[in-house]
Amino acid sequence: MTLIADSDALRALCDRLSKAEYITVDTEFMRDRTYWPGLCLIQVAGPDEAWCIDPLAPGMDLTPLFDLMRNESVLKVFHAARQDLEIFYRAMGAFPRPLFDTQIAAMVCGFGDSVGYETLATKLAKARIDKSMRFTDWGRRPLTEKQLHYALADVTHLRVVYDKLRKRLEKTGRAHWLTEEMDALVAPEKYTFDPDTAWQRMKPRTKSPRFLAVLKEVAAWREREAQTKDMPRQRVLKDEAILEIAAHGPKSVEELARVRALTRNTAEGRLGKEILEAVERGKAVPEAEAPHMAPRRELPPGAGPAIDLLKVLLKMRCEENDVAQKLVANMDDLELIALDDEAPVAALHGWRRELFGEDALKLKRGELALALEGEAVVARPVGKTAENAEG
């Protein structure tokens with residue numbers, strides 16, 4: 001059995017792993033019935049051993065593991081770390097450091113956009129990933145040997161994936177690129193769920209300040225209720241119900257009970273009372289202080305062709321350097337760059353500026369030209385011919 005289910009065994013494991021250069025880490029969690037992800041299993045591997053840790057075991061104290069996650073002399077390797085980091089940040093109040101995310105490293109190394117673990121394990125570790133346990137209930141106990149074997153594969157093959165990606169980064173001199181990406185990945189604001197911004201996910205069709213004020217208050221109430229009760233927000237109150245409430249602004253239980261997707265029992269109970277209070281708070285907001293939707297970006301005449309040229313340049317530079325386009329810039333970034341040389345986009349900073357951003361600005365200023373040579377598009381400084389472009 002490769003399962004650690006008591007605190008003493010966990011402490012001994014973490015003592016051993018604290019001497020390792022790196023560890024690979026993954027988690028299994030459930031959140032279909034909760035607001036917060038429910039941690040069900042943690043998989044950890046060092047260079048020579050791999051274990052599953054049961055956080056649901058009676059009396060289990062995860063402090064040694066959290067201490068290991070904070071130990072800056074041990075590199076923590078994840079794949080697609082975002083959800084794992086959310087779990088650890090919520091559980092221990094800090095991010096595991098230092099980090100290496102193999103999905104982002106793979107994008108830097110030319111494996112395409114958001115490459116999956118199975119693909120990397122197949123290509124780099126020559127492993128076959130068993131898919132049969134993908135939708136298993138990780139919260140049910142006891143766990144079977146088959147479940148544990150499946151879970152451990154997420155950290156054992158990851159060792160080989162990490163080692164090969166690390167060597168590629170060192171060979172290409174791009175290790176500092178990944179450092180920049182890891183710093184951005186652990187920005188706390190990415191993992192902070194502010195109820196007052198919940199309305200922005202609703203995509204309302206109207207821009208009426210009064211509608212938006214009510215929408216903001218009701219959506220914020222639902223978010224707090226979901227967080228407090230640890231329930232999925234849609235189980236507290238569906239999006240369509242919130243939009244209908246914001247549109248009609250009910251003043252009484254009778255009016256609230258007419259909202260589709262809302263039962264009379266809900267309207268007459270505590271939730272209904274609190275929803276009506278949220279509606280009144282929204283109505284009381286002065287129009288000048290009401291939230292507003294950012295106006296749709298209007299592109300000036302001629303911007304379309306400029307954006308098309310930037311798209312071609314982006315594709316060229318990413319193919320030349322074997323880097324995923326998604327990691328460098330998206331369409332919103334290109335539109336902003338077309339409109340502003342100092343646009344607040346990542347593509348104009350750090351390694352992205354070296355790879356693409358500087359040339360994008362030169363293209364805008366007419367200092368760089370795109371030309372078709374044979375079947376390939378090339379970029380060269382204006383005024384230079386193909387023969388002396390390298391001079």
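**Exercise 1.** Work out how strand 3 and strand 4 (residues 50-53) pair, and how many bridges they share.

*Solution.* Strand 3 and strand 4 run antiparallel to each other, over four bridges. For pairing, DSSP has to find at least two bridges between two strands; strands (E, at least two residues) and helices (H or I, at least four) are DSSP runs, numbered from the N terminus. Next, take Ala45: its bridge partner in strand 4 is Ala50. Now zoom out: six strands make an open, mixed sheet, ordered 1-4-3-2-5-6. Strand 1 (3-4) and strand 6 sit at the edges with a single partner strand each, so one side of each has no neighbour in the sheet.

A word on the model: it is predicted, so local features need pLDDT of at least 70 and side-chain atom pairs pLDDT 80 or more, while totals for chains, interfaces and linings use all residues. Residues are numbered from 1 along each chain as its sequence is written, and side-chain values use heavy atoms, leaving out hydrogens and water.

**Exercise 2.** Find which parts the salt bridge of Glu225 and Arg270 ties together.

*Solution.* Start with the contact: the two side chains meet at 2.8 Å, N to O. Glu225 belongs to helix 8 (residues 209-229) and Arg270 to helix 13 (residues 270-284), so the pair links parts 45 residues apart in sequence. Finally, check accessibility (buried under 20% relative accessible area, exposed over 50%, partly exposed in between; 1.4 Å probe, protein chains only). Glu225 is buried at 10%, whereas Arg270 is partly exposed at 43%.

Terms used: Salt bridge = Lys/Arg side-chain N within 4 Å of Asp/Glu carboxyl O.
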